[in-house]
Amino acid sequence: MSEATDRAEIEANWAAPLEGMDQADTELLASQFTPDARLVHMTGYSQPLDEWMAGIRRREFVYHRLEEHSHTLTIGGDTARLVGRITTGITDDGSGQAWPLTCEQSYRRTDDGWLCTRSKVGFGH
């Protein structure tokens, strides 16, 4: 595969979870990650993928509109790193609190394409 093809696939993988979180679509969201993927929260807690998906289904994690501001992507062989800057918590009626976040994601080329193996979320851009 070419680097342009890899870049397009990884960037599509980055965009899909933003939509999945916004819509609470755990099937779409989980399909973009390896089964052993971890989400590292702002608190430092490293959460297994299945636990995160269960929390979304129980509505413990509710994501209000997510907006991407920018991202950078570095590809090296069969691994890649994407750093994205987003804001979540935005509501049309102004009742939410906007959270500027930085997401650092690690990707690995698999038989199913490029999948995220780790997503670390931090506060601020």
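Predicted model: local features only at pLDDT ≥ 70, side-chain atom pairs only at ≥ 80, totals over all residues.
Helix 3 itself spans residues 49–57 and lies across strand 1 (33–40) and strand 2, with a direction of about 80° relative to strand 2. Several residues of helix 3 are buried, namely Leu-49, Trp-52, Met-53, Ala-54, Gly-55 and Ile-56.

The strands over which helix 3 is placed, strand 1 and strand 2, belong to an open sheet of 6 strands arranged in the order 2-1-6-5-4-3, in which the pairing is mixed. Strand 2 (46–48) and strand 3 (67–76) form the edges of this sheet, each pairing on one side only. From one strand to the next, the twist averages 20°.

Strand 5 (residues 99–110) and strand 6 (residues 113–123) are paired in the antiparallel sense, and their pairing extends over 10 bridges. Gln-105 is located opposite Ser-119 of strand 6.

Strand 6 also contains Thr-117. The relative accessibility of Thr-117 is 19%, and this residue therefore counts as buried, the cut-off being under 20%. When neighbours within four places in sequence are set aside, the contacts of Thr-117 comprise Thr-34, Ala-37 and Arg-38, together with Ser-106, Tyr-107 and Arg-108.

Notes. Residues numbered from 1 in each chain as written. Heavy atoms only, no water. Pairing = 2+ DSSP bridges. Helix = DSSP H or I, 4+ residues; strand = E, 2+ residues; numbered from the N terminus. Axes fitted to C-alpha atoms, helices over the stretch in contact; angles between N-to-C directions. Contact = heavy atoms within 4.5 Å. Buried < 20%, exposed > 50% of the residue type's maximum accessible area, 1.4 Å probe, protein only.
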